[in-house]
Amino acid sequence: MEETGRYLYSVARTRDEVRLGVIGIEESPVYTVPFQDIAAVVHSCQPVPYGTKDQKLAEDWILEHNYVIDHATKRFGTVLPFSFDAIVRGDDEVIKGWLAENYEMLSTELHRVKDKDEYSVQIFYDDQKLKSRLLESDPGLKALKEKTEGMSPGKAYLLSRNLDIKLKDGLALELARLGVQFGKMVKELSDEVKADERKTWVPDKYKDKKMLASFSCLVHHDKVESLGLALDEINNMDGLAVRFTGPWAPFSFTEIGRS
Amino acid sequence: MAIKIDEDNLKEGLLGLVVALVEIVEEVLERQAVRRMESGRLSDEEIERLGSALSDLNEALEKIKQDNNITDSVRTVKEGLDQIADDVVDQFLNPERWAQDGGDGKVSLFRGKD
């Protein structure tokens, strides 16, 4: 059966027509389709999406997809990655045509991400520890805590609730302040930053903590170490923990639309 | 987004939701009580009565949660409602972002052209 579709992994900066081996999804042979100094990294397939109800198989496919992207990155430098299951109807000529039509945009994007990788920065906090620190550092709050000795129960309860509320509000302010401070720092040490404002999923390792901030960063190779050191400092602060992962291809910082 | 209620037992789930909402109201009452106390407008007796009433409410809610084993699901509901509140406030602040996202099942008060 003729394979009249092409599965797209990425667009890379290269003039070469090369075979990368049977490293693709379902052991498909992966190769490049160049146009001038850019090339699509593809494998031939039927022009239908990869679909399955088997969770494990789907996960394997995604791993294979990312493996090819990583391999292309090692070989050609930072690539413009496609999400899983980007399939084009047509043959290599159609791919060439698409590259030609979008050459300016693709070349500019490749230049923008050259020598950069995407990293994920997540900062977690320990509710109790930060509240204790607030309590220690604020004499007003400390006094509130001591006041309940020898008091009538109703009044004592109200005062303890007062303290809890003030700690809760104080913590919210402190978290906002830290969020801004860390955001600024991460911005200064990265080329581009996106704040993931709606991500609240906490990995198992940090289950006893809550999310303070989450960023996707595009970082030049030369700057990664500085960013790592700065994040280390935050990680060493009492009550805070940093999860710094990567490098990934710049999924969050490029959008290769398909016609 | 899904509010995680214990779906295995709908009665438990509804109870969890109700308790979560009462706890939210409880916090509002506590804040109001503290404000009044700090304003100096309450007598010692009034402070004591207010404090006792709130303490009783809190005890009753804790007992309901323990007796029905819904402490965790109540916490989850409150965290979910927190997230929804955040999203709604964010919609007011960043309407363009929500216009881009549109139609992925997230909470939207401004259905606009839909």
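1. B:Asp44 is exposed, with a relative accessible area of 57%, where exposed stands for over 50%, buried for under 20% and partly exposed for the range in between (1.4 Å probe, protein chains only). Helices here are DSSP runs of H or I with at least four residues, strands are runs of E with at least two, and both are numbered from the N terminus.

2. A word on the model before going further. This is a predicted model, in which local features need pLDDT of at least 70 and side-chain atom pairs count only at pLDDT 80 or more, while totals for chains, interfaces and linings use all residues. Residues are numbered from 1 along each chain as its sequence is written, chains are lettered from A and ligands numbered from 1 in the order in which they are written, and side-chain values use heavy atoms, with hydrogens and water left out.

3. Now the interface of the two chains. Chain A brings 16 residues to the contact and chain B brings 24, contact being heavy atoms within 4.5 Å. Together they bury about 1,700 Å², 51% of it on carbon and sulfur atoms; buried area is the accessible area (1.4 Å probe) that two parts lose on being put together, summed over both.

4. How many salt bridges cross between chain A and chain B? The rule finds five. One of them joins B:Arg31 to A:Asp169, with the closest N and O atoms 2.8 Å apart. The side of chain A that touches chain B has seven charged, five nonpolar and four polar residues. In these classes Asp, Glu, Lys and Arg are charged, Ala, Val, Leu, Ile, Met, Phe, Trp, Tyr, Cys and Pro are nonpolar, and the others, Gly among them, are polar.

5. Chain A itself is divided into domain 1 (5-114) and domain 2 (117-253), with bounds from an automatic or database domain assignment. Their centres, taken over C-alpha atoms, are 38 Å apart. The two domains bury about 710 Å² between them, 57% of it on carbon and sulfur atoms. A:Thr78, A:Pro81 and A:Arg112 supply 52% of the area that domain 1 buries against domain 2, more than any other three residues.

6. One salt bridge is found across this domain interface. A:Glu192 and A:Arg112 form a salt bridge, their closest N and O atoms being 2.9 Å apart.

7. Within chain B, B:Arg75 forms a salt bridge with B:Asp72 at 3.3 Å between the closest N and O atoms. The two are three residues apart in helix H3 (residues 71-93) of chain B, so about one helical turn separates them. B:Arg75 is partly exposed, at 45% relative accessibility.

Notes: A salt bridge is a side-chain nitrogen of Lys or Arg within 4 Å of a carboxyl oxygen of Asp or Glu.
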